[in-house]
Amino acid sequence: MFSIIVGLVLLMLLAYLGWSIIWIAPLVSAVVALLSGLDLLPAYTQTYMTGFVDFAKQWFPVFLLGAIFGKLMEDTGAAQAVAFKITQLLGKKRAILGVLIAAAVLTYGGVSLFVVVFAIYPLAIALFREADISRKLLPGTFALGAFTFTMTALPGTPQIQNLIPIPYFKTTPLSAPIMGIVAGLIMAVGGYFYLKWREGRLTKVGDTFDEPKGGQEVKQIKAEELPNWILSFLPLLIVVITLNGFKWDIIPSLIVGTLAIMLFNIKKYKSFIGAINGGASGSVMAIINTSAAVGFGAVVTAAPGFETLTDILLGIKGNPLISEALSVQLMAMITGSASGGMGIALEALGDQYYQLAQSTGMNPDAFHRIAAIASGASILPHNGALLTLFAVTGLTHKDSYKDIAVVALLIPTVAVVVAIIMASIGIM
């Protein structure tokens with residue numbers, strides 16, 4: 001166990017210091033291998049790279065198509081058009097709610113989490129400026145709208161965190177809908193009221209809107225230049241309906257959604273190649289980062305001490321959903337990636353949890369939903385999505401991590417507990 005603990009602490013520390021997971025994952029994997037008595041070269045060329053390649057092989061098409069879909073939504077102005085309409089309906093004074101709902105709608109429609117932040121950041125700045133709300137609340141608002149309930153809890157979401165459990169539990173994206181909706185409401189409502197409370201506290205002490213500094217350019221959104229919001233919303237609807245209504249795989253759903261964006265914005269055809277290239281390039285970095293984390297997990301699972309850790313997790317008495325939630329949440333926290341951590345946990349223990357579901361008569365749908373929600377309840381300071389969020393907004397951990405910890409870690413953990421209780425009494 002010592003080798004695993006050293007490896008996990010080292011990975012979190014180096015990631016927190018800003019070192020890229022792409023090269024520190026194999027480096028720390030080598031430390032784990034040496035301390036565990038594994039042969040160093042095979043641990044890298046076989047164990048690490050097998051975990052890396054297997055994850056990339058299975059999920060790269062989803063990362064690629066999702067990134068292209070999102071980038072086209074951004075570059076054609078479709079994402080901004082949907083976000084602008086939502087905030088227009090809510091009113092400028094409800095800035096937090098407007099940004100929250102806009103981010104949630106785009107995320108649930110299949111737009112990549114990272115693209116959502118880039119796409120509506122200029123609109124969010126305009127709204128926060130108009131309402132005179134501190135920019136410190138921007139990261140928390142984005143995190144709540146894009147990194148929590150629409151990513152993991154709401155049934156039918158096309159985000160990868162809701163797709164990874166499917167092959168392990170033989171389920172669908174709509175698994176455990178009641179659990180998912182209740183957990184989603186806990187996160188959305190609880191997080192929103194917390195942010196409104198924080199807004200009041202900051203305003204009371206005179207901490208209100210200040211213009212972005214450090215040379216950060218904020219592109220102004222001109223409403224008259226945006227495409228029709230209905231046509232912009234349809235591609236999002238197409239992805240969700242084909243995935244859940246027609247039971248398509250996520251890949252054809254994203255392809256049809258992408259073609260719909262291009263068809264509805266045919267006048268902007270000159271921007272298509274640039275958007276597709278940009279999305280494709282972004283997807284490569286995303287899949288490599290996640291695969292690197294999964295490769296590290298493969299070495300950890302190959303270490304002799306992992307059997308002890310597995311025995312501890314599986315030996316937790318009572319509901320096996322508690323063990324699963326802890327396994328997924330722990331791995332997601334360690335790797336700084338919800339999808340990467342869940343991939344590690346389910347690759348190591350997924351078959352055993354499925355067998356437990358079969359032997360105890362529990363519905364595998366509950367295991368699916370708990371794994372998804374627990375993966376999102378994991379945002380520590382070194383989380384990859386969090387670091388990107390701070391880079392886009394120009395804010396720091398000191399400015400905003402406390403708010404993110406509440407809306408994207410603490411409240412989602414409460415949602416996990418409630419979901420486990422619901423599954424235990426047969427409400428799914």
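Helix 10 and helix 17 are roughly parallel to each other, because the angle between their axes falls under the 35 degrees that mark this class. The structure discussed here is a predicted model.

**Helix 10 and helix 17**

Helix 10 covers residues 177–204 and helix 17 covers residues 364–376; their axes come within 10 Å and cross at roughly 20°. The crossing is right-handed. On the side of helix 10, the contact is formed by Met179, Gly180, Ala183 and Met187, and these residues meet Ala366, Arg369, Ile370 and Ile373 of helix 17. By class, six residues of this contact are nonpolar, one is polar and one is charged.

Two packed helices are described by the angle between their axes and the distance between the axes.

| Helix pair | Distance between axes | Crossing angle |
|---|---|---|
| Helix 10 and helix 17 | within 10 Å | roughly 20° |
| Helix 5 and helix 10 | within 10 Å | roughly 145° |
| Helix 15 and helix 19 | within 10 Å | roughly 160° |

**Helix 5 and helix 10**

Helix 10 also packs with helix 5, which consists of residues 95–108. Helix 5 and helix 10 cross in a right-handed manner. Helix 5 contributes Ile96, Leu97 and Leu100 to the contact, while helix 10 contributes Tyr192, Leu195, Lys196 and Glu199. Five residues of this contact are nonpolar, two are charged and none is polar.

**Helix 15 and helix 19**

Helix 15 spans residues 320–335, and helix 19 spans residues 397–424. How are these two helices oriented to each other: roughly parallel or roughly antiparallel? Helix 15 and helix 19 are roughly antiparallel, because their crossing angle is over 145 degrees. Their crossing is right-handed. Leu321, Ile322, Ala325, Gln329 and Met333 of helix 15 meet Leu409, Thr413, Val416, Ile420 and Ala423 of helix 19. Eight of the residues in this contact are nonpolar and two are polar, with no charged residue among them.

**Arg135 in a loop**

Arg135 belongs to the loop between helix 6 (113–131) and helix 7 (138–146). Is this residue buried or exposed? Arg135 counts as buried because its relative accessibility is 6%, and the class requires a value under 20%. A polar atom of the Arg135 side chain lies 2.7 Å from the backbone oxygen of Asp210. Leaving aside residues up to four places away in sequence, Arg135 touches Ile125, Phe209, Asp210, Glu211, Pro212, Lys213, Thr393 and Leu395.

Definitions and conventions. Residues are numbered from 1 along each chain as its sequence is written. This is a predicted model: local features need pLDDT of at least 70, side-chain atom pairs count only at pLDDT 80 or more; totals for chains, interfaces and linings use all residues. Side-chain values use heavy atoms; hydrogens and water are left out. Axes are lines fitted to C-alpha atoms, for helices over the stretch in contact, and angles run from 0 to 180 degrees between N-to-C directions. Helices (H or I, at least four residues) and strands (E, at least two) are DSSP runs, numbered from the N terminus. Angles under 35 degrees count as roughly parallel, over 145 as roughly antiparallel, 65 to 115 as roughly perpendicular and the rest as oblique. A crossing is left-handed if the near helix is turned anticlockwise from the far one by less than a right angle, and right-handed if clockwise. Contact means heavy atoms within 4.5 Å. Ala, Val, Leu, Ile, Met, Phe, Trp, Tyr, Cys and Pro count as nonpolar, Asp, Glu, Lys and Arg as charged, and the others, Gly among them, as polar. Buried means under 20% relative accessible area, exposed over 50%, partly exposed in between (1.4 Å probe, protein chains only). A polar contact is a pair of N or O atoms within 3.5 Å; within protein, one must be able to donate a hydrogen and the other to accept it, and residues adjacent in sequence count only if both atoms are side-chain atoms.
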